[in-house]
Amino acid sequence: MCCVFALLLFSLCFVSGDASAQSLTVTPRAVELGDVTVKSKNTIRLVCRNEGTAPLVIRDIAVDCKCTKPTWSRKPLMPGDSTVVTVVFTPTDTGGFYKSLRFETSPPAPQPIEATIRGRVVKNNP
């Protein structure tokens with residue numbers, strides 16, 4: 001019985017220590033662009049900070065369409081360090097939009113990390 005309790009205690013410590021080691025925050029989480037024109041290049045900067053206790057890497061940032069292009073450093077982000085993700089949104093159609101950016105990290109985040117961009121695309125003025 002003592003061995004089972006010790007094994008259970010060791011397992012809980014190992015799992016909880018690993019989960020708290022990785023934490024990425026993204027600021028701002030939501031960007032409101034307002035009205036933008038068709039084919040305009042709209043640049044957004046997101047600050048990503050490693051709030052964990054171990055290094056992490058932003059492996060990928062998944063986007064909804066080709067009109068949203070993020071660029072970022074592939075270097076490891078040390079605990080407490082920040083990096084800037086630059087996102088260029090170049091709309092091709094008019095109307096409202098809501099774009100999601102989903103961050104994939106290594107080690108994997110315990111919960112999804114996401115930022116959004118929204119607004120309205122209007123026609124160019126002649």
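Along the sequence the pattern reads α-β-β-β-β-β-β-β-β.

This is a predicted model; local features need pLDDT of at least 70, side-chain atom pairs count only at pLDDT 80 or more, and totals for chains, interfaces and linings use all residues. Residues are numbered from 1 along each chain as its sequence is written, and side-chain values use heavy atoms, without hydrogens and water.

Of the 126 residues, 31% are buried, meaning under 20% relative accessible area (1.4 Å probe, protein chains only). The largest nonpolar core has 24 residues. Such a core is a set of buried Ala, Val, Leu, Ile, Met, Phe, Trp, Tyr and Cys residues joined through side-chain atoms within 4.5 Å. Leu-24, Val-26, Leu-46, Ile-58, Val-85 and Phe-103 have the most contacts inside it. β8 gives the most to this core, with four residues. Val-26 is in contact (heavy atoms within 4.5 Å) with Leu-46 and Phe-103, among others beyond four places in sequence.

β3 alternates. Asn-42, Ile-44, Leu-46, Cys-48 and Asn-50 point to one face and are buried.

| Pair | Sense | Bridges |
|---|---|---|
| β1 and β3 | antiparallel | four bridges |
| β3 and β6 | antiparallel | eight bridges |

Thr-27 stands opposite Val-47 in β3. Asn-42 stands opposite Phe-89 in β6.

Methods. Buried means under 20% relative accessible area, exposed over 50%, partly exposed in between (1.4 Å probe, protein chains only). Helices (H or I, at least four residues) and strands (E, at least two) are DSSP runs, numbered from the N terminus. Two strands pair if DSSP finds at least two bridges between them.
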